[in-house]
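This report describes selected features of a predicted model.

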Amino acid sequence: MTDERDTRSVVVDLIRLQSEGTHWDFKREHHEDKGTLIHDVLCLANCDHKGDRYLIFGVDDSDYSIHGVENNAGRKTQAHIAALFRDNAKNFSENVIPKFQLEEITLCGKTLDVLVIEDVAKKPYSLIKPIHGVRPYYIYTRGNDTNTPKDDSAKSHEIEKMWRQRFGLDLTPLERVRQYLLDPDWSTMDDNEEQVDFHNQFPEFTIRSVAGQDYVACHEEWTRGEIRSDTNSANYFEIRYHQTLIAKVRFVVFDDRKKVCVAPKWEALKSGRIYFYEKESVEYAMHRFLCRRYDRDDSKALRIRGSTDASSNARNRWPKGLNIPVVRRKSLQEFLIEKRPPNQSRLPPSRDDDEQYQLFLENQLEFDKWMSQREPNGESSSRE
């Protein structure tokens with residue numbers, strides 16, 4: 001989902017188009033009728049678009065003028081809209097409801113509410129019981145600037161495409177497994193005393209761990225505060241499609257073998273490094289898979305080592321411990337362009353362990369501050 005700054009930029013661009021479209025819809029005010037709100041959300045959630053969808057409140061859909069929602073008596077909060085869907089989840093097919101976030105932005109001195117509906121591979125969303133006039137077993141969608149009427153259903157070819165998208169049949173195997181790693185539909189079996197995970201609906205996708213070579217790093221800066229006994233180790237998950245290896249993801253066991261997580265990526269910066277998870281990557285999807293398996297996230301609340309100024313500053317910023325930030329590829333590239341000289345990427349990081357760790361903390365502090373300014377409510381910040 002986009003951060004607030006990106007949402008504002010997207011809305012500005014959409015208003016400039018002076019039209020509505022497949023993945024965005026303008027409303028001068030919040031809905032008074034709950035059924036119409038549910039219908040609009042279903043149409044956008046099921047639309048044929050790769051990426052977030054936007055239901056924008058405070059913009060007139062006849063002339064695209066900005067009115068704002070400050071004085072809208074029927075204005076709703078995230079909690080109001082979430083409760084409407086959550087309380088009716090039993091009336092949705094498979095109890096699956098769209099995922100969304102209501103964001104507030106300011107344009108031309110006016111406040112707009114933007115319901116950002118996430119592109120999740122759970123289409124088609126539909127009802128099994130009527131809700132406020134929205135019919136069960138009807139599949140609604142949106143084409144160009146028009147919703148499917150409440151008393152009609154999407155065309156058969158549109159519904160077929162939704163199911164193909166849901167099962168990832170139009171994606172490459174790597175794109176599919178990244179999608180599947182984010183859902184809980186996996187099982188485990190023993191194969192010649194080796195544990196193998198496989199997807200229940202598509203068992204041709206399998207995951208097994210293999211030992212890393214001696215040279216594989218397992219004492220990177222982000223684990224330094226976690227070493228209690230020197231038992232860190234690094235291994236790999238091999239992800240296969242049938243017998244073809246499609247991804248190899250490094251993971252690290254640390255803190256006297258009590259913690260495990262996928263190793264974050266890193267980039268050189270100022271003779272040090274920054275560490276992060278790239279949200280769109282298969283590595284991050286694998287990390288979420290691990291978090292679900294162990295019911296915890298060991299990339300969070302990492303202990304901060306040392307008594308230097310950098311260590312003190314880091315503890316002040318992250319009193320509960322440092323989190324490995326999750327960033328979008330676009331945001332990372334913008335940060336590196338702004339903060340790293342053109343030849344910086346060719347400079348090797350410091351080889352001195354103590355200096356390397358302090359540089360890591362300083363760089364993570366700068367990275368976190370920069371990301372917090374861009375994404376004040378996003379998940380990129382290391383703060384809890």
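## Asp 197 and its strand

Asp 197 is found in strand 8. With a relative accessible area of 5%, Asp 197 is buried, because the cut-off for that class is under 20%. Leaving aside residues up to four places away in sequence, Asp 197 touches Trp 186, Ser 187, Thr 188, Phe 205, Thr 206, Ile 207, Phe 289 and Arg 293. Val 177 lies 20 residues from Asp 197 along the chain, and the C-alpha atoms of the two are separated by 12 Å.

Strand 8 pairs with strand 7 (residues 186–191) in the antiparallel sense, over 6 bridges. Within this pairing, Trp 186 stands opposite His 199 of strand 8. The hairpin of strand 7 and strand 8 has 2 residues between the strands, and Asn 192 there takes a positive phi near 55°.

## Aromatic pairs

The structure holds 17 aromatic pairs. One of them is formed by Tyr 180 and Phe 202, which are stacked with 5.1 Å centre to centre and 10° between the planes. This pair links distant parts of the chain, 22 residues apart: Tyr 180 belongs to helix 5 (residues 173–181), whereas Phe 202 is in the loop between strand 8 (194–199) and strand 9 (205–211). Tyr 180 is buried, with a relative accessible area of 3%, and Phe 202 is buried as well, at 14%.

Phe 237 and Phe 251 form another stacked pair, at 4.2 Å centre to centre and 25° between the planes. Here too distant parts of the chain are linked: Phe 237 is in strand 10 (residues 233–241) and Phe 251 in strand 11 (residues 244–254), 14 residues apart. Both pairs count as stacked because planes under 30 degrees apart fall in that class.

| Residue | Relative accessible area |
|---|---|
| Tyr 180 | 3%, buried |
| Phe 202 | 14%, buried |
| Phe 237 | 6%, buried |
| Phe 251 | 8%, buried |

Ring pairs also build a cluster from Trp 163, Phe 167, Tyr 180, Phe 202, Phe 205 and Tyr 241. Phe 202 has a charged neighbour as well: Arg 176 lies over the face of its ring, at 5.0 Å from the ring centre. In a further case, the charged end of Lys 248 sits over the ring of Tyr 236, 4.9 Å from the centre of that ring.

An open sheet is formed by 3 strands in the order 13-14-15, with mixed pairing. Strand 13 (265–269) and strand 15 (326–327) are the edge strands, each pairing on one side only. Strand 13 and strand 14 (residues 272–278) run antiparallel and are joined by 5 bridges. The bridge partner of Lys 265 is Phe 276, in strand 14. Helix 8 packs on this sheet and touches strand 13, strand 14 and strand 15, and its direction makes about 165° with that of strand 14.

Which residues of helix 8 are buried? In this helix (residues 329–339) they include Ser 331, Leu 332, Phe 335 and Leu 336. These residues cover an arc of only 130° around the axis and therefore lie on the same side of helix 8. An α-helix has 3.6 residues a turn, so residues three or four places apart point the same way. On the other side of helix 8, Lys 330, Ile 337 and Glu 338 are exposed.

Notes
Residues numbered from 1 in each chain as written. Predicted model: local features only at pLDDT ≥ 70, side-chain atom pairs only at ≥ 80, totals over all residues. Heavy atoms only, no water. Phe/Tyr/Trp six-rings, centres within 6.5 Å; stacked < 30°, edge-to-face > 60°. Helix = DSSP H or I, 4+ residues; strand = E, 2+ residues; numbered from the N terminus. Buried < 20%, exposed > 50% of the residue type's maximum accessible area, 1.4 Å probe, protein only. Lys NZ or Arg CZ within 6 Å of the ring centre and 35° of its normal. Pairing = 2+ DSSP bridges. Arc of directions from axis to C-beta. Contact = heavy atoms within 4.5 Å. Axes fitted to C-alpha atoms, helices over the stretch in contact; angles between N-to-C directions.
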